[in-house]
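Please consider the sequence and structure shown below.

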Amino acid sequence: MSEPVTFALIGAGGIAQSYAQAFENHPDAKLVAVADVRLDAARAMAERFGCPAFASHTELLAATSPEAVVICTPPNTHEDVTGAFVRRGVNVLCEKPFTLTPASARRMADEARKAGVTLTMASKFRYVEDVIKAKSIVASGLLGDVILFENAFTARVEMGQRWNANPAVSGGGFFSWLACHQLD
């Protein structure tokens, strides 16, 4: 039996809670460090796993050597945080939106390629059963040439004051935060 892959988690906010839950129940992954600019949030999550907490990704990198990292911070931080881990040879799973601009995404991908590490964006709907089935039907040619499709995510959520409604933080604002799923 092989040892679990060691992970660090950068960001301890809302989406990070889902990753924490996954780490609790996965025998092949072990959370070994948590960082968040809100040290109390990092400590609360790290306590669940008996691992250290840090106030920044740079502090975490100075003290630990994870094999992989999950980045759950706002997109305007992704290029810098990803680069720090990639340069250390750490594989990266980055939450979406991936980054603010195509040029930034290209730099991130190029840096990962040069370092020989995996860099990927979280795309959870890609692994949902009905999405997999729909993709299979389209790929089979059964429907002919698809020239139009509709996809709707519907929920009443007040987005005006959230970080992902701010283009300076999230890139394209709410549209890019959710549209990446439809495009994927």
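Strands β4 and β5 (residues 91-94) pair in the parallel sense over four bridges, where pairing requires that DSSP find at least two bridges between two strands. In this pairing Ala 68 stands opposite Asn 91 in β5. Between β4 and β5 the chain passes through helix α4 (residues 78-86), and this β-α-β crossover is right-handed; that is, with the strands pointing away from the viewer, the path from the first strand over the helix to the second runs clockwise. Strand β4 also pairs with β1 (residues 5-10), again in the parallel sense and over four bridges, and here Phe 7 stands opposite Ala 68.

The model is predicted: local features need pLDDT of at least 70, side-chain atom pairs count only at pLDDT 80 or more, and totals for chains, interfaces and linings use all residues. Residues are numbered from 1 along each chain as its sequence is written, and side-chain values use heavy atoms, with hydrogens and water left out.

In β4 (residues 68-71), Ala 68 and Val 70 point one way, Val 69 and Ile 71 the other, and all are buried (under 20% relative accessible area, 1.4 Å probe, protein chains only). In a regular strand the side chains alternate between the two faces of the sheet.

His 57 lies in helix α3 (residues 57-63) and is buried, with a relative accessible area of 18%. Leaving aside residues up to four places away in sequence, His 57 touches Ile 10, Ala 35, Asp 80, Val 81, Ala 84 and Phe 85, contact meaning heavy atoms within 4.5 Å.

Overall, the protein chain has eight helices and six strands, assigned as DSSP runs (H or I, at least four residues; E, at least two) and numbered from the N terminus.

Definitions and conventions. Buried means under 20% relative accessible area, exposed over 50%, partly exposed in between (1.4 Å probe, protein chains only).
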